[in-house]
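The sequence and structure come first.

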Amino acid sequence: MATVTLKGNEVKLAGNEKNVGDKAPEVSVVKSDDLSDITVGGAKENAQMIIAVPSLDTPVCAMETTKFNNQAAGIEGLEVTVVSMDLPFAAKRFCSTEGIENLTVASDYRNKDFANEYGVLVAEGPLAGVTARAIFVIDRDGNIVYKQLVPEITEEPNYEEALEAAKKAAAK
């Protein structure tokens, strides 16, 4: 079982931990703009970058989503999806307020399939029930080619490393 920290305190993650080389499970999440189900993971026409954040209603998650909206969304051949447990209504409001238009923002609130299938569900502590901060890059064949599980939930990911992995996956 993987762990991360929250303000220095270790918290366990639940679900089926996925790593580089594993097949990316196909799961449904809810698009924030129209409440429709979309599928992330699996084989697709484009490479995928799935960005898991605990809540868009926090400064670090908001900053991360904005940075990826501005940088990752411009990569040709890449689908970018931010997944959180936020209700779609709150996520839609966030996107409208922050000008998030270049990527898909989705919610895993219905049954936590994404968090469970990718092993990023915070299982204990004050954030139990939300996703840990993580990034998965999936190639067109549905293989996980990059994973970044951010060790401290309150810190930002390594953007440069994630974007480089996304560019490589999208170019193949």
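The structure holds six salt bridges, a salt bridge being a side-chain nitrogen of Lys or Arg within 4 Å of a carboxyl oxygen of Asp or Glu. The model is predicted: local features need pLDDT of at least 70, side-chain atom pairs count only at pLDDT 80 or more, and totals for chains, interfaces and linings use all residues. Residues are numbered from 1 along each chain as its sequence is written, and side-chain values use heavy atoms, with hydrogens and water left out.

| Pair | Closest N to O distance |
|---|---|
| Lys31 and Asp33 | 3.8 Å |
| Lys44 and Glu79 | 3.3 Å |

Arg110 lies in the loop between S7 and helix H3 (113-118) and Asp37 in strand S4, so this pair ties together parts that are 73 residues apart in sequence. Helices (H or I, at least four residues) and strands (E, at least two) are DSSP runs, numbered from the N terminus. Lys44, in the loop between S4 and S5, and Glu79, in strand S6, are 35 residues apart and link distant parts of the chain.

Accessibility is classed by relative accessible area: buried under 20%, exposed over 50%, partly exposed in between (1.4 Å probe, protein chains only). Lys31 is partly exposed at 21%, and Asp33 is partly exposed at 46%. Arg110 is partly exposed at 45%, as is Asp37 at 49%. Lys44 has 24% and is partly exposed; Glu79 is partly exposed with 28%.

Strand S3 (residues 27-31) pairs with strand S4 (residues 37-40) in the antiparallel sense over four bridges; two strands pair if DSSP finds at least two bridges between them. Ser28 stands opposite Thr39 in S4. S3 and S4 form a hairpin with five residues between them, and Leu35 in the turn has a positive phi of about 65 degrees. S3 is also joined to strand S7 (residues 104-107) by two bridges, running antiparallel, with Val30 opposite Ser107.

Helix H1 (residues 59-71) has 13 residues, which at 1.5 Å a residue should span 18 Å; its end C-alpha atoms are 18 Å apart, which agrees. The expected span is 1.5 Å times one less than the number of residues. Buried residues of H1 are Cys61, Ala62, Glu64, Thr65, Phe68 and Asn69. The face turned away from the buried side of H1 carries the exposed residues Pro59 and Asn70.
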